[in-house]
Amino acid sequence: MIADNNIDDIFDRAAKGRALVRNRQSLTIDYVPDRLPFRDAESTALAQTLSTVFKGARPSNVLLFGKPGTGKTAVVKTVAGRLQKKAADAGIEVTVPIINAKLSNSAYKILFEIAELTGLNREDKKVHFTGLSMGEATDRILQYMQKKKMHVILVIDEIDSLVDRNGDDVLYSFTRANERMMAKGGFISLIGISNSLTFKDKLDPRVRSSLSEEETVFNPYTVEQLRQILSERAKIAFSEGAIADAAINLCAAMAGREHGDARKAIDLLRVAAELAERERAQKVEERHVRAAQDKIEKDTSHEVIRNATTHTKFVILAITKSKNGNTGEVYEVYSALCRRADQEPLTQRRVTQIVAELDQLGIVSTDVVSQGRYGRSQKIRVTVPLQTVKDALRGDSSFAELLAD
Ligand code: ADP
Ligand code: MG
């Protein structure tokens, strides 16, 4: 009997919780709403550039820049989607493969994705890119596009992570390929999307000038813009009256404080809703947003620490174990940890760099403290809860013993 009640209780809770959110998918990162307020100019400029397709001509290459969460991916997906639909209506052939270079995190994977999306893999079942050099694999794809006289608008999202990892050779091949393509009646245009504003500096000048025939910069949203974006999203996502306006405003304010990041704002909304559901609340309130902020921060730190290199992990652990937290002491503790784990310590210079990187990521903070007449020294401390550090390190076998004490 008790078991039955428990079961009913679980279902009741789930049913009640579900009632808060009516379209869960609209709170995910990949969701693109029908309307993108505050991005008219950016969408129109891109549509204008791509519209040359309807005259049978090759659109200029485009580079889109902007901080994360400024709507770059959403704008490109929307414009590309409409273009494909209109082109189909008009009987014009155009292929628009959209690759995410961060998800397909090697040059081979990116080439493989392109082969998938352009149909090469269906045609030629035996493309084993792993046996080919990068140049050969690229040629294979380009030859196929040429033979088919394809009209290709290749979108490479998070293009900065491709260049960071693999350099710009692949981009060079694709930008150069166009001459050959055009000779046969096809073309290839590139749309690159970058979160980093300094991305262009890393490119070979030839690739740079070719890729950036046109450029658009996406500015961060203001708090008021975020508020309106969230209100619209909330109407799609939540049941009537299931979220307080104050909660929406707080999400907007928190995401706006960082850098006008709509992704962050929507993440807050989703996690706040999950937390409200879990406690069977009638409504998503401000306190759920605050709790969501804590949870996201904790989860992010956990992931960063978990995915860090072994030496970075040693550095983090050394900071938690050192008493005064000055640079010299942290290095000593770090070296001792390395020796206990039979690892050669890195140089002090390198460790200082690692500390600076962790500072950037918000995992540690370094304050300069006055030592009175002894001058000033750095005080390094870990800003995330010790428990988060321990949980994140526990999965790594080399830390089992070190964590025991
Ligand atoms: P970026 O690619 O610049 O990092 P995204 O395009 O992925 O940013 O946008 C992040 C999230 O915010 C997505 O869920 C997207 O749907 C939403 N979003 C961004 N801009 C807008 C907008 N102007 N209106 C509505 N939703 C938006
Ligand atoms: Mg994006």
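These legends describe close-up views of a predicted model. Local features need pLDDT of at least 70, side-chain atom pairs count only at pLDDT 80 or more, and totals for chains, interfaces and linings use all residues. Residues are numbered from 1 along each chain as written, chains are lettered from A and ligands numbered from 1 in written order, and side-chain values use heavy atoms, without hydrogens and water.

**View 1. Polar contacts of ligand 1.** A polar contact here is a pair of N or O atoms within 3.5 Å. The side chain of lysine 72 places an N or O atom 2.6 Å from a ligand 1 oxygen. For threonine 73, a polar side-chain atom is 2.7 Å from an oxygen of ligand 1. Glycine 71 uses a backbone N or O atom, 3.1 Å from a ligand oxygen. The protein buries 96% of the 560 Å² that ligand 1 exposes when taken alone (Shrake-Rupley method, 1.4 Å probe).

**View 2. The shell around ligand 1.** The shell holds 20 residues (a heavy atom within 4 Å). Pro37, Gly69, Lys72, Thr73 and Tyr221 come nearest. Domain 1 (40–218) and domain 2 (221–304) each give at least three residues (bounds from an automatic or database assignment).

**View 3. Positive phi in two loops.** Most residues other than glycine have a negative phi. Lysine 149 has a positive phi of about 50 degrees, in the loop between α6 (134–147) and β3 (151–157). Arginine 280 has a positive phi of about 55 degrees, in the loop between α12 and α13 (286–306).

Terms used: A polar contact is a pair of N or O atoms within 3.5 Å; within protein, one must be able to donate a hydrogen and the other to accept it, and residues adjacent in sequence count only if both atoms are side-chain atoms. Helices (H or I, at least four residues) and strands (E, at least two) are DSSP runs, numbered from the N terminus.
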